[in-house]
Protein chains: 2
Amino acid sequence: MWRKLLAGTAMISMKSVKCSDLGSAMNDLPEYTWEEIRTHKTPGQSVWIVMGNGVYDITRFVEMHPGGDKILLAAGSSADPFWNLYRIHKQEKVYDMLESLRIGNLKAGEKLEAMNDPFSGDPNRSAHLITHTEKAYNGELPNDLLTEKILTPNNEFFVRNHLPVPVVDENTYELELILEDEKCTSFSLKDLKSKFPIVSVESSIQCAGNRRFEANQQGVTRGVEWRGGAIGNAIWTGVRLRDILKYLGEINPEYKHVQIEALDTDPNGPFGTSIPIEKAMDSDTVLAFEMNGETLPRDHGFPVRLIVPGYVGVRNIKWVKRITLSTSESPLIWHKRDYRLFSPNDSLGNVNFEERQPVYDMPVQSVICSPLDSTSFNSKNENVNFKGFAYSGGGRGIVRVELTTDHGESWTEAQLEKRPQRLGRRWSWAFWNANIPASDIEKEVCVRAIDDAGHGQPESLKSIWNYRGLLTNSWHCIHLTRK
Amino acid sequence: MWRKLLAGTAMISMKSVKCSDLGSAMNDLPEYTWEEIRTHKTPGQSVWIVMGNGVYDITRFVEMHPGGDKILLAAGSSADPFWNLYRIHKQEKVYDMLESLRIGNLKAGEKLEAMNDPFSGDPNRSAHLITHTEKAYNGELPNDLLTEKILTPNNEFFVRNHLPVPVVDENTYELELILEDEKCTSFSLKDLKSKFPIVSVESSIQCAGNRRFEANQQGVTRGVEWRGGAIGNAIWTGVRLRDILKYLGEINPEYKHVQIEALDTDPNGPFGTSIPIEKAMDSDTVLAFEMNGETLPRDHGFPVRLIVPGYVGVRNIKWVKRITLSTSESPLIWHKRDYRLFSPNDSLGNVNFEERQPVYDMPVQSVICSPLDSTSFNSKNENVNFKGFAYSGGGRGIVRVELTTDHGESWTEAQLEKRPQRLGRRWSWAFWNANIPASDIEKEVCVRAIDDAGHGQPESLKSIWNYRGLLTNSWHCIHLTRK
């Protein structure tokens, strides 16, 4: 993505910069004070930023920034805190590009921004996880380990972090509840556990970007290249969100949304989102403090995570800090500028976020987890056994899973592992397996699932591709060779 | 379908029979009494039926009956009442086939089954409706009239009847409520209107077989050949089903289903179905006695119709007679043997109904209503205007509608008529329109809609085709010529 963008910025001359040199003072350039720098923060007119001792005029670059106008958060100030959080910047090509915009040095004696590592407090992770990015951490289980257990072990559950993992003291933790423009209160962890009924709900959580690796084969997208393992299933124990919401009295019907702010932050403020009040009032929407019977791990939201069964991962907010009953959706950038139902026509520079509804519910999905893609099978065996998972959002159950070895000319129905779940409240994935005659397998084997609303998966990725690689749910195809 | 089946029955010799001759006494055949005939009703061994004065041994034919084992309802007795209800039988080819199975005459003096017309009390219908079958009546509005009004006029709302329209006296009508193995009560129409709060809900109703005409282009299916108009939208006024269900006290949590029996019947019993208790308890599930502010028309369920927003048409039971809170799904054949999520591999003779979940919720749908298929456009105009409807089941709203003139290489976003509706409770269709440059239109124009769970419509009909032609929701394509 950077490469593509940088290739397009021909008017910006390049020179090669070693990573350690970025922002070093340069003898032949003018010096600026923070006071002067702070006046250059007007998009379209003049935008300066500081990195280390370097001062840069990025006015021309703002429109091309792959992270959108988030770059303006650093306008007239230091970009160091952002680059420490969003490590994608830390590569030579980006440094070169920035250095080409250099206009001066920070005046000697002006205070430098601290360069500490905000990720130094992150927990250790299981060696089973495929790590996509270390800071912020994003990792998933390989597909073939994913369907070993219907309840994903806590330390093998995919981790999708946007920011450093907050360090929280459970003894001083307070959950804030705010009624917009009215009352507020707060609860300690002990309050939560003693004042409200404790309930458990089994629910899968899937990242909106799952299978983005495949989306990238169709066209470049923006985000972590999940292979299919950005999903897991657990029993979450905690208290019902609706019990908390009702704590201050009957809920004013003007409150249509529940905003949730988290403890993980960047210099612009907290991570967060909102969900519609109807979903917040569902008996299965819980503030969880346990995952599969254990204290919630730090990577999964310790001490309190919101579980919104049937909704996309990002609404299942970790490290919940504050809950606000509101007339409107969350004003936070994480909610307003991402995770929306994008069209294939939307692009990084041309998307009307207001027009695109947030992803809440999710479409039907399935993945062949075993055998792994690009492996071989013994063609002397009569059958090859395939297994995997299927899932649909909104509590819709999976009614059928089918495999094809001839790209949809014919379908073989898989055995679906049946589990007792109620219609409209099937929050968990389903496992399936199928034996396919080895002689039928030419090269490609694809799977599709059908949910109880009759929705299947699209045949081709092409028609659903979007620049963020969200909701990639076309038939999942793997390629096998004979041995 | 009959033709295909009859072609396969080579061992049954054919002779041509005039319709009026069917069942006439024939001189050279033995005579049987009802007492004898009644002993021949054992499938697999010996099955006789009577038509008029004719006695037929249909043992060999039972398996091939397009209506499945419903034919056994007439085993050892007269088939006349069934043929009067299911008029598809009344064609020369069927008569020929039956006469080839003739074995005798009804003994002189045995009482003949009455041959009255059970459809003689049916109401008149609007001339705007395209009539597919007269008895039972099935008719739809042409596509181009469908999107004239967001609330479909009552007399132009598609009619899907399975049986004759019941003749009901509103003064003596009683709605029965039964708690399985416990209590029961009944309500007059006056009771319903005076004992419970009156509510209104706007909801579209779509037949599961809508667009079956297209499914038949892919392969022969069984059912009415709807063109896209088996959908309508209305405001339904009545009382909440949950208020009725609670009338006899708190609901025993063992009751997982609400069975509904209707007043339309065949000799086997009433039409009917069931819905899960969760849906029955939804505040928008109503027993309606008004449609768009008028008394419910006879064709649409007078005096009381169950409205189950977001659910397939067949669950919106007309002419409601009896409601039973039960531990199990409806035992009625209409529920158990049809309207299920069939696989492309299921066939008339080979389907495990127990394995297939009933269709409740429905997948996303859209139709180009104007221009009509196979018409021409003025290629001198700059643009051609397209309009139509989009709908998804389960209360999911439509977030986007897109058209393509190059079969999915590129998409143009349509203008969606925006109406205030709550997330998860968008029960009504959405209208859309789009201007497409005339120069872009080669021949085919297709539409697809995306609902708020991110579900789109499948590209090709092939992979979703099933023998009943249910849930046909692939991209809707029309073909236009230049003029």
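Where does UniProt place the feature "domain: Cytochrome b5 heme-binding" in chain A? The unreviewed entry puts it at residues 29–107, in the numbering used here, and such annotations may be inferred rather than shown by experiment.

Before we go on, a word on the basis: this is a predicted model, where local features need pLDDT of at least 70 and side-chain atom pairs count only at pLDDT 80 or more, while totals for chains, interfaces and linings use all residues. Residues are numbered from 1 along each chain as written, chains are lettered from A and ligands numbered from 1 in written order, and side-chain values use heavy atoms, without hydrogens or water.

Back to residues 29–107 of chain A: the end C-alpha atoms are 11 Å apart, and the span is 23% helix and 27% strand. Helices here are DSSP runs of H or I with at least four residues, strands runs of E with at least two, numbered from the N terminus.

Now, the cysteines. Taking a disulfide as two cysteine sulfur atoms within 2.5 Å, we get two over all chains. In chain A, Cys446(A) bonds to Cys477(A), S to S 2.1 Å. Cys446(A) sits in strand E27 (residues 444–451) and Cys477(A) in strand E28 (residues 476–479), 31 residues apart. The S-S torsion is about 105°, so this disulfide is right-handed.

Over in chain B, Cys446(B) and Cys477(B) form a disulfide, sulfurs 2.1 Å apart. Its torsion is about 105°, so it is right-handed.

Buried or exposed, what is Cys446(B)? Buried, at 0% relative accessible area; buried means under 20%, exposed over 50%, partly exposed in between, with a 1.4 Å probe and protein chains only. Cys184(B), at 57%, is exposed.
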